[in-house]
Amino acid sequence: MAMAAWKRAGVCLTAAAVVVGLAGCQDGDDGGSEKAGASAEGQTRDEAAEVLQAAFKKTSEAKSSKIRMTIETSGTAAESGTMQMSGVQGWDPAVMDVTMKGTGFAAAGPGAPEQVRVIMLDGVMYMDLGTEQAAEMDGKRWMKLDFKAAAEATGDPAVQKQLTGGLENMNQDPAQQLALLLESPSLKHVGPEKVDGVEAQHYKGTLSFKEMIDANTSFELLSKEERDELVATAEKSGMKGYDTEIWVNEDDLPVKMVVGMTMAEGTMKMTSHFSDYGAKAEIEAPPAGETFDFVQMLKELESQGADPAA
């Protein structure tokens, strides 16, 4: 197996975890009882932390929600544009059924559908590539990517860590962004605001890239040398850190999150709206007859002498 192809797959998986807003961090304190709706302006950092701790606990217990997200990118590091995603997600275990569309979408190109449905279930991601794909693949329109199988197939411990680490990130819930914000030394309460017609309290904070790495348990899969190299690479790219804003409603549940990243090559801003917490995420895998296995396809290409990295 060509290592270049697998390394690209690992990078794409890590990016996907961030794009869907599921890149997580370590669990925060389950304590805290102050209601978001009862909060007054001018909270101290400790008071703000209490509200977010309560929201962390309540969100973790909800286990699912509907999500609507907009991702905006600009600069030379990636194609500038806007991608939109909407659907339902569940956590513990992680499941997802969303539709993505917009400029800058990775699947854009000749013959690509205007919007793509993505399902994740039991550590496997399925992507609907559309009718043209089905016509060329004997009716198989769904691409299947089994993260664990992909990791094992690489035969490279470093890439395996990257792939399995990305899967671990995808098993995080929105509460983890609350826990991440709790790690910010600049955490502050902005004040009350309305979001989608609902009263909420607005909080914000910034974490350096190193602080984010230290707070994210999935990075424990990397050695100290690998972590240091990752931080050095991020700093070299000009990444200053993550700016996070969260709006918590009267029920101690986040209704909106904004995560911004700035690098020398450009910026990325992810705005997520959450609703219907506890909504059942009844998700099923596509029919086997309409599915082709991405890992198996690469193995077959390699056996025929093709270079998957090409």
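Me: Hi! How many aromatic pairs does a search of the whole structure find?

Reply: One aromatic pair turns up, where rings of Phe, Tyr and Trp (its six-membered ring) pair if their centres lie within 6.5 Å. This is a predicted model, so local features need pLDDT of at least 70 and side-chain atom pairs count only at pLDDT 80 or more, while totals for chains, interfaces and linings use all residues. Residues are numbered from 1 along each chain as its sequence is written, and side-chain values use heavy atoms, leaving out hydrogens and water.

Me: Which rings are they, and why is the pair called tilted?

Reply: They belong to Phe274 and Tyr277, with centres 6.4 Å apart and planes at 35 degrees, so the pair is tilted. Planes under 30 degrees apart count as stacked, over 60 as edge-to-face and the rest as tilted.

Me: Is Phe274 buried or exposed?

Reply: Phe274 is buried, at 8% relative accessibility. Tyr277 is buried too, at 18%. Buried means under 20% relative accessible area, exposed over 50%, partly exposed in between (1.4 Å probe, protein chains only).

Me: New topic: what about strand β5, how many of its residues are buried?

Reply: Five of the five, residues 124–128, so β5 is largely enclosed by the rest of the structure. Strands (E, at least two residues) are DSSP runs, numbered from the N terminus.

Conventions
Helices (H or I, at least four residues) and strands (E, at least two) are DSSP runs, numbered from the N terminus.
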